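This report describes how parts of one protein chain pack together. Please examine the sequence and the structure before reading on.

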Amino acid sequence: MNKPAVYPLAMRVMHWLMAALVLSLVFAGLTMVKSLGPWQQQLLAWHKAMGLLAMLAILVRLYLRLRSDTPKLPDSVPKMQQIAAKLTQLGFYILLVVMPLSGYLMQNAAGRPLELFGLPLPSLLNTDLALYGLFREIHGWAALLLVLLIVVHIIAALYHGLIKRDGVFSSMLRR
């Protein structure tokens, strides 16, 4: 079966929407931990709500990924770069699940109730300061790894789009 030249529309839309959502969540998260300004509580509430939305979005994205036929990397891409691309993609999916899940569990362990669209969400854990600390560490390290992967991803995308011009970059843009 022939592989498509571009990603399906639903996957492209999810890619760009999640890119905007994740970048804004990372920016908000980094801003929150660096300040005790009066706006911090409002930013934290927004971060929690958007983090829950990100959790739903990654589930949709995983579903689309499993159901969709995606473009193959060009034969001109060296085997090691193909392996690096697959590992980066796998890393993204793992981190995009770990980030909201660790945030959710961190809030549970802190005894802070969460809501999604005004509906209370169940707490999966009892209040436990040690677990709160563990999930906070996981959340923080996962954020740093995610930022690293984002930088690598952007550099690779620009390399393929501006230097190689091999269709990899345009497979996420065009129809």
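## Basis of the description

Contact means heavy atoms within 4.5 Å. The model is predicted, so local features need pLDDT of at least 70 and side-chain atom pairs count only at pLDDT 80 or more, whereas totals for chains, interfaces and linings use all residues. Residues are numbered from 1 along each chain as its sequence is written, and side-chain values use heavy atoms, with hydrogens and water left out.

## Nonpolar cores

A nonpolar core is a set of buried Ala, Val, Leu, Ile, Met, Phe, Trp, Tyr and Cys residues joined through side-chain atoms within 4.5 Å; buried means under 20% relative accessible area, with a 1.4 Å probe and protein chains only. The largest such core has 20 residues, and Met18, Val22, Phe92, Leu96 and Leu146 have the most contacts inside it. Helices (DSSP runs of H or I, at least four residues, numbered from the N terminus) contribute as follows: α1, α2, α3 (79-109) and α4 (129-164) each supply at least two residues of this core.

Beyond its neighbours within four places in sequence, Phe92 is in contact with Leu146, Leu149, Ile150 and His153. Another core lies apart from the largest one; it has nine residues, including Leu52, Tyr104, Met106 and Leu114.

## Methionine 14

Methionine 14 belongs to helix α1 and is buried, with a relative accessible area of 14%. Leaving aside neighbours within four places in sequence, methionine 14 is in contact with Ala57, Val60, Arg61 and Leu64. The C-alpha atoms of methionine 14 and glutamine 82 are separated by 22 Å, and these residues are 68 residues apart along the chain.

Conventions: Buried means under 20% relative accessible area, exposed over 50%, partly exposed in between (1.4 Å probe, protein chains only).
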